[in-house]
Amino acid sequence: MTVAEQKTVRLDELAGLVGTDIGPSDWMDVDQGRIDRFAAATDDHQWIHTDPDRAKDGPFGTTIAHGFLTLSLFIPLWTSVFDVEGVTTKVNYGLDRVRFTAPVPAGSRVRLVGTLKEVTEVKGGVQLAVSGTIEVEGQERPAVVVDFLARFYA
């Protein structure tokens, strides 16, 4: 198993990193237990996610992760490969675009690759725009393509 290197930078270095590729992260397991816990937390128990027996005959041949589960993994994957030091507050500001482009079968592993697209000054700090892709090991198509916004305050 490889351990992804975390890029740690100071707030004043961010503008110079626009266009920099970040990642890939390490692989993260998306097993049935994780899927079931997400279903319980969100009250989304659709059979394609939580019923392995029924899902065998479904469109994917197995259960799949919720799209929003896969999207939620962006944060732990991102923070494993990128951090800003010397800030008081880090805020997930939002998403400009999200596409769920392929399923994540139970038992898969996912990882993140990203690019720092833009750094903009905001009152008290900066806003980062990150283009991210959550890949599924062994699949050609990524599971999620997302434009993510974060704010860092001094």
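**Close-up views of a predicted model**

**View 1. Asp-83 and Lys-90 form a salt bridge, with their closest N and O atoms 2.4 Å apart.** A salt bridge is a side-chain nitrogen of Lys or Arg within 4 Å of a carboxyl oxygen of Asp or Glu. Asp-83 is partly exposed at 22% relative accessibility, and Lys-90 is partly exposed with a relative accessible area of 46%. Here buried means under 20% relative accessible area, exposed means over 50%, and partly exposed lies in between (1.4 Å probe, protein chains only). The structure holds six salt bridges.

The model is predicted: local features need pLDDT of at least 70, side-chain atom pairs count only at pLDDT 80 or more, and totals for chains, interfaces and linings use all residues. Residues are numbered from 1 along each chain as its sequence is written, and side-chain values use heavy atoms, with hydrogens and water left out.

**View 2. The whole chain has five helices and eight strands.** Helices (H or I, at least four residues) and strands (E, at least two) are DSSP runs, numbered from the N terminus. Starting at the N terminus, the order of elements is β-β-β-α-α-α-α-α-β-β-β-β-β. The C-alpha trace spans about 55 × 30 × 25 Å along its principal axes. Of the 154 residues in the protein chain, 38% are buried.

**View 3. Glu-135 and Arg-111 meet in a salt bridge, with the closest N and O atoms 2.7 Å apart.** This pair links distant parts of the chain, 24 residues apart: Glu-135 is in strand 7 (residues 125-136) and Arg-111 is in strand 6 (residues 108-122). Glu-135 counts as partly exposed at 23% relative accessibility, and Arg-111 is partly exposed, at 23%.

**View 4. Arg-10, Asp-12 and Glu-13 are linked in a network of salt bridges.** Arg-10 is partly exposed, with a relative accessible area of 41%, whereas Asp-12 is exposed at 60%.

**View 5. Arg-151, in strand 8 (residues 144-153), is buried yet has no salt bridge.** The nearest side chain of opposite charge is that of Asp-96, 9.9 Å away. For charge, Lys and Arg count as positive and Asp and Glu as negative, while His and the chain ends are not counted. The side chain of Arg-151 makes a polar contact with the side chain of Gln-127 at 2.8 Å. A polar contact is a pair of N or O atoms within 3.5 Å; within protein, one must be able to donate a hydrogen and the other to accept it, and residues adjacent in sequence count only if both atoms are side-chain atoms.

**View 6. Helix 5 (residues 74-81) has buried residues Phe-74, Leu-77, Trp-78 and Val-81.** Seen down the axis of helix 5, these buried residues fall within an arc of 95 degrees, so they line one face of the helix. The arc is that of the directions from the helix axis to the C-beta atoms.

**View 7. A cis peptide bond joins Gly-23 and Pro-24, with omega about 10 degrees.** Pro-24 lies in the loop between strand 2 (21-22) and strand 3 (28-30).

**View 8. Asp-43 has a positive phi, near 60 degrees, in a residue other than glycine.** Asp-43 sits in the loop between helix 1 (32-42) and helix 2 (47-50). Asp-43 is exposed, with a relative accessible area of 63%.
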